[in-house]
Amino acid sequence: MPLTFDDLVTRARSLAEPGGRAVLGVAGSPGAGKTTLAEHLVRALNGSGDPWVAHVPMDGFHLADVELDRLGLRDRKGAPETFDAAGYAALLRRLREETDGDTVYAPGFERVLEQPIAGAIPVPPTARLVVTEGNYLLLDTGAWRRVRPALDEVWFCAPDEDERVRRLVARHEEFGKTHEEAVAWVRRSDQRNAELVAATRDRADLVVPVSALPRVDV
Ligand SMILES: Nc1ncnc2c1ncn2[C@@H]1O[C@H](COP(=O)(O)OP(=O)(O)OP(=O)(O)O)[C@@H](O)[C@H]1O
Ligand SMILES: [Mg+2]
């Protein structure tokens, strides 16, 4: 039997331990469907009761444009060196350790402004499972290598490559780029990042098969 979305929900639920907090990572290339999978998992796990699962995207650790300009990295936005990887790893450690005190705040990412926003995502002490997702969870360079040890499991999203590129172009258009700009950006910037991410796939605990991806009406 191929793995189903319900199997993923069961596996994610089993990571949470009473009294503690587990952190599940979802990795994958740009546009692979990480955010969509994480949102569906969190919704299915929380059901209609009190929320016990939180969603903390890696996206919130994008460096702000003002810092990218200072570093001369603005045109590489989205590449590993354009994130605060050490800050992300430190937050993941805090999420595991600080489970019975105050709310832990994670930064969010505003897609229209393309800027991180501090304090956007509350993780209350009642959260027993955190689902975090992003491109570089399995990277083994610099501060990124501190991320994997802070995660209980990492799942890898790898949909059909043509479909991934098509969706990515559509998403860039939706957020203001013309079709030509979107195609150029995907070819130039996203593709290089996608190759870096694809090379980390073997380090995942699970490669999510297409059969288990949530059904999304588009
Ligand atoms: N299972 C699915 N079925 C159909 N469409 C999907 C599915 N998952 C994602 N998509 C679509 O693909 C696009 C990219 O999805 P999503 O934003 O979840 O990817 P991502 O990996 O988080 O991308 P990024 O790396 O840019 O954050 C979106 O337009 C989304 O609606
Ligand atoms: Mg995303």
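# Close-up views, with legends

View 1. E163 is partly exposed, with a relative accessible area of 24%. Here, buried stands for under 20% relative accessible area, exposed for over 50%, and partly exposed for anything in between (1.4 Å probe, protein chains only). Please keep in mind that this is a predicted model, where local features need pLDDT of at least 70, side-chain atom pairs count only at pLDDT 80 or more, and totals for chains, interfaces and linings use all residues. Residues are numbered from 1 along each chain as its sequence is written, chains are lettered from A and ligands numbered from 1 in the order in which they are written, and side-chain values use heavy atoms, leaving out hydrogens and water. E163 meets R166 in a salt bridge, 3.1 Å from N to O; the term asks for a side-chain nitrogen of Lys or Arg within 4 Å of a carboxyl oxygen of Asp or Glu. These two residues are three apart in helix α5 (residues 161-174), so about one helical turn separates them. Helices (H or I, at least four residues) and strands (E, at least two) are DSSP runs, numbered from the N terminus. E163 also forms a salt bridge with R167, whose closest N and O atoms are 3.0 Å apart. E163 and R167 are four residues apart in α5, again about one helical turn, and R167 counts as partly exposed at 37% relative accessibility. Elsewhere, salt bridges with shared partners join D65, D69, R74 and K77 into one network.

View 2. Is R164 buried or exposed? With a relative accessible area of 2%, R164 is buried. Its contacts, meaning heavy atoms within 4.5 Å, include S29, P30, G31 and A32 as well as P159, Q191 and A194, leaving aside residues up to four places away in sequence. The C-alpha atoms of R164 and G31 are 5.7 Å apart in space, although 133 residues separate the two in sequence.

**View 3. Helix α1 and its buried face.** In α1 (residues 5-15), the residues F5, L8, V9, A12 and L15 are buried. Seen down the helix axis, these buried residues fall within an arc of 120°, so they line one face of α1; the arc is taken from the directions between the helix axis and the C-beta atoms. Their packing partners are β1 (22-28), α2 (34-46), β5 (129-134), β6 (153-157) and β7 (206-208).

View 4. The side chains of E153 and R11 form a salt bridge, with the closest N and O atoms 3.0 Å apart. E153 lies in strand β6 and R11 in helix α1, so the pair ties together parts that are 142 residues apart in sequence. E153 counts as buried at 14% relative accessibility, whereas R11 is partly exposed at 29%. The count of salt bridges comes to 14.

**View 5. Aromatic rings around F61.** How many aromatic pairs does the count come to? The count comes to five aromatic pairs. The ring centres of F61 and Y88 are 5.4 Å apart and their planes stand at 50°, so this pair is tilted. F61 sits in the loop between β2 (53-57) and α3 (65-71) and Y88 in helix α4 (residues 85-97), so the pair links parts that are 27 residues apart in sequence. For reference, rings of Phe, Tyr and Trp (its six-membered ring) pair if their centres lie within 6.5 Å, with planes under 30 degrees apart called stacked, over 60 edge-to-face and the rest tilted. F61 and Y88 are both buried, and together with F83, Y136 and W144 they form one aromatic cluster.

**View 6. K177 over the ring of W185.** The charged end of K177 sits over the W185 ring, 4.9 Å from its centre. The rule requires NZ of Lys or CZ of Arg within 6 Å of the ring centre and within 35 degrees of the ring normal.

**View 7. The backbone at E114.** E114 has a phi near 55°, a positive value in a residue other than glycine. Most residues other than glycine have a negative phi. The loop between β3 (104-110) and β4 (115-123) holds E114, which is partly exposed with a relative accessible area of 32%.
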